[in-house]
Amino acid sequence: MRSKAERHRAIQEIVSREEIGTQKELVERLRQLGFEVTQATVSRDIAELRLARVSLGKGRHKYALPSMEFPEDVYEELKRQFGLFVKDVDRGGNILVVKTAEGHASGIALLMDRLKRDEIVGTLAGEDTILVVARTEEGARALEEEFGGLLVAGKMRL
């Protein structure tokens with residue numbers, strides 16, 4: 001059985017490349033890729049990924065990823081996700097380990113990648129853990145402090 005994180009990543013890839021207008025179409029497309037899903041599961045996934053249904057004109061629609069045209073939009077969404085789903089941030093050398101609620105690591109890692117920050121070499125996400133590789137140990141310390149601040153600020157809002 002494939003994980004929720006894999007399914008979320010597949011959904012993000014599908015809607016960024018194809019015109020998927022209904023949940024039924026998305027269910028069918030995921031099944032073609034080997035995911036065993038129901039429409040109820042896909043409905044929850046759409047809400048969790050904050051997909052938008054946008055008009056293509058002439059009564060046609062498609063699902064789209066949330067608008068993140070500007071770095072500020074990405075950062076605001078990252079702050080929101082940290083408040084909802086991140087449990088801990090730890091560092092060892094130039095590597096950060098970010099622990100999340102189950103199934104949310106890939107979405108948060110995607111946001112980190114979209115930040116396009118020079119000090120982040122890359123991310124690797126599992127089911128509930130993200131490895132963030134920083135360019136330097138100093139960069140990792142700064143990211144640890146920043147992400148730790150997001151974690152604390154997010155928990156205070158809840």
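The model is predicted: local features need pLDDT of at least 70, side-chain atom pairs count only at pLDDT 80 or more, and totals for chains, interfaces and linings use all residues. Residues are numbered from 1 along each chain as its sequence is written, and side-chain values use heavy atoms, with hydrogens and water left out.

**Aromatic rings**
- Rings of Phe, Tyr and Trp (its six-membered ring) pair if their centres lie within 6.5 Å; planes under 30 degrees apart are stacked, over 60 edge-to-face, and the rest tilted.
- By this rule there is one aromatic pair.
- The ring centres of F82 and F147 are 5.4 Å apart and the planes meet at 40°, so this pair is tilted.
- F82 belongs to helix α4 (residues 71–85) and F147 to helix α6 (residues 137–157), so the pair ties together parts 65 residues apart in sequence; helices (H or I, at least four residues) and strands (E, at least two) are DSSP runs, numbered from the N terminus.
- F82 and F147 are both buried (under 20% relative accessible area; exposed is over 50%, partly exposed in between, with a 1.4 Å probe and protein chains only).

**A charge over a ring**
- R2 lies over the face of F35, 4.0 Å from the ring centre (the rule asks for NZ of Lys or CZ of Arg within 6 Å of the centre and within 35 degrees of the ring normal).

**Positive phi**
- Most residues other than glycine have a negative phi.
- R50, not a glycine, has a positive phi of about 60°; R50 sits in the loop between α3 (39–48) and β1 (52–57), and is partly exposed at 38% relative accessibility.
- K116, also not a glycine, has a positive phi of about 50°; K116 sits in the loop between α5 (105–114) and β5 (120–125), and counts as exposed at 72%.
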